[in-house]
Amino acid sequence: MRPELIARAAGLVTGAWVAQAVSTAAALSVPDELARGPRPVTELAVAVGADAGALYRLLRALSGVGVVEEGEDRVFALTELGELLTAGALGGFAVMLGAPFHRRAWTDLEHSVRTGESAFARLYGGFEHFGDHPGDGEVLNAGMTAASNLLLAPAVLAYDFTPFGAIVDVGGGHGALLALALSGHPSGRGVLFDLPHVIATAGRPLREAGVAGRCELVAGDFFQRVPAGDAYLLANIVHDWDDERAVAILSGCRAAMTDGGHVLLVEAVLPATRNEPHPATLIDLEMLVMNRGGRQRTLGEHQRLLERAGLRLTREIRSEGTFSLLDAAAA
C-alpha cells in the first residue's frame, strides 16, 4: 500500500482530534492571550487556568498544524493562522463546534445516515433546547456571530443595499450581518428579527458598528409572520429547513415585502459537478445532524424553492469565500 495514501487516510481518521484541540484552545482563550505576545507555557497556563504540562502537550500538537510556534524554553507565539482563532475572529465558531451538545450530536451521525433523522433532535429535542438551556444558546449565538463576521460577511459586503429603505434580517441572531449591511447604507433602516430568547441578548454588533439607532429589534416566529420591509436578508436560514418549511418562510417574506422588494439568501450553494471538493458538502452533513430536514441545495434547487414562494431568482453573486448571495424579486 502506498505510504502517502496511508498517511492521508490516517489524517482523515484523526481529523476530529485536531478540531477538538483547536476548539479547546479557543475555549481556554489561548489565542487571545497569545495575541498579546509570545508567552512561556507556565505563564500562559496561569492566565488561562490550565495545567502547565497538559497545556504544553496541547500547544505542541497545535504547533504541528500551524496554529502556534514553539520557541526556546517552551515559549509559544501565535501564528497568522492562529490569529483567526481569537474571539474576534473564528474563536466562537471553534468553541461551538467542540461544545458538548454539538460534539455529541455529531457522534450520532451514523444514526442520521441510517434513518435520515436529525441526531441533535433525537438527543436534545430540536432548537427548543437552546431556549431552555441559555448557556448552550449563548455558545450557539457566539458561534453564529463569528461565522457571520468572517465566513458569510464577504457575500453581504458584495451586495449594494442602498436601493432599500428598510432591511429586515430574518433569523439574524445578534445582528452581525445587519450591521454590515447598514454600515454601507447610511440612510437605511434595519429590523433584526429572531426568536425572543435570541433577541433578549442581541444587538451588540449593531452598537459596535454605530448603527443601533437605525435599528429595531423585533421578537417573533418567522413561520407566523415577519415585519414589513423592502429587503429581506436570510443568511443560513433556508438551509435549516425541509422544502415545505423553507417555502413557508420565503412565502411569508414575499407576502410582507413592499412593492419592488427583494429577498436575499446567503447560502453555501452545492456544486453542480460531481467529485468537486466544496465546503458546502460538509455543511450539508451539519444540516443532516443538527436540523430536521435541513440541507444544502444546488442553485437549481434554490430557484425552485423561490418560484414556489412567488419569487424569481434574478442573479447569484459569488463572493471570494464559500457563500453566495441569491437575489430574488417578486415573480
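Which residues does the UniProt annotation "domain: O-methyltransferase dimerisation" cover? I looked this up and found residues 12-87, from an unreviewed entry, bearing in mind that such annotations may be inferred rather than shown by experiment.

I noted that this is a predicted model, in which local features need pLDDT of at least 70 and side-chain atom pairs count only at pLDDT 80 or more, while totals for chains, interfaces and linings use all residues. Residues are numbered from 1 along each chain, and side-chain values use heavy atoms, without hydrogens and water.

**Annotated spans.** I read residues 12-87 as 58% helix and 12% strand, with the end C-alpha atoms 27 Å apart; helices are DSSP runs of H or I with at least four residues, strands runs of E with at least two. For "domain: O-methyltransferase C-terminal", UniProt lists residues 106-311, also in an unreviewed entry, and there I found 47% helix and 17% strand, with 35 Å between the end C-alpha atoms.

**H16 and H18.** I looked up helix H16 (residues 243-256) and helix H18 (residues 299-308), whose axes, lines fitted to C-alpha atoms over the stretch in contact, come within 8 Å and cross at roughly 55°. In H16, Asp243, Glu244, Ala246, Val247, Leu250 and Ser251 meet Leu305, Leu306 and Arg308 in H18, where contact means heavy atoms within 4.5 Å.

**Aromatic pairs.** I found 12 aromatic pairs in the structure (ring centres within 6.5 Å; planes under 30 degrees apart are stacked, over 60 edge-to-face, the rest tilted). Phe222 and Trp241 form an edge-to-face pair, with 6.1 Å centre to centre and 90° between the planes. Phe222 lies in the loop between strands E6 (215-219) and E7 (229-235) and Trp241 in the loop between E7 and H16, so the pair ties together parts that are 19 residues apart in sequence.

Methods. Axes fitted to C-alpha atoms, helices over the stretch in contact; angles between N-to-C directions. Phe/Tyr/Trp six-rings, centres within 6.5 Å; stacked < 30°, edge-to-face > 60°.
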